[in-house]
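Dear colleague,

Please find below the structure that I am handing over to you. My findings follow directly after it.

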Amino acid sequence: VQLVESGGGLVQAGGSLRLSCAASGSIFSINGMGWYRQAPGKQRELVAVITRSGSTNYKDSVKGRFTISRDNAKNTLLLQMNSLKPEDTAVYYCNAGVITAGSPYEYVYWGQGTQVTVSS
């Protein structure tokens, strides 16, 4: 199973970016999915998570600015980021709880990360 993020880049404060995460491989189903980020010198932190049924939860500082969504048919995860701030600068990672074909167990997989830089 592979998770591949895309959509990062450099944007001015107040701008927008949309991150995508595509899951591929021998996937039977995907349960929870999420976006995390890690700024230089800081620990990785949760940004937003979404259940298979679409329930969401956000880090307080991104509520009202970021929107997480998913397409279960395409095994993709999105993060729409609006009104970006310099403090949103970080490497953004997606993760997913995946049940692979032929296995009863869920394993958590991570993408390689995509850099988001917000200039002031």
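**Salt bridges and strand pairing**

Glu45 is partly exposed, with a relative accessible area of 28%; buried means under 20% relative accessible area, exposed over 50%, and partly exposed in between (1.4 Å probe, protein chains only). Please note that this is a predicted model, in which local features need pLDDT of at least 70, side-chain atom pairs count only at pLDDT 80 or more, and totals for chains, interfaces and linings use all residues. Residues are numbered from 1 along each chain as its sequence is written, and side-chain values use heavy atoms, without hydrogens and water.

The side chain of Glu45 forms a salt bridge with that of Lys59 (3.2 Å, N to O); the term denotes a side-chain nitrogen of Lys or Arg within 4 Å of a carboxyl oxygen of Asp or Glu. Asp88 meets Arg65 in a salt bridge (2.8 Å, N to O), and both of these residues are buried. Shared partners join Arg37, Glu45, Lys59, Arg65 and Asp88 into one network of salt bridges. Asp88 also forms a salt bridge with Arg37 (3.0 Å, N to O).

Turning to the strands (DSSP runs of E, at least two residues, numbered from the N terminus), 10 of the 11 residues of β9 (residues 90-100) are buried. Strand β9 pairs with β4 (residues 27-38) in the antiparallel sense over nine bridges, where pairing requires that DSSP finds at least two bridges between two strands. In β9, Val98 stands opposite Ile30. Val98 also stands opposite Tyr107 in β10.

Yours sincerely

How values were computed. Helices (H or I, at least four residues) and strands (E, at least two) are DSSP runs, numbered from the N terminus.
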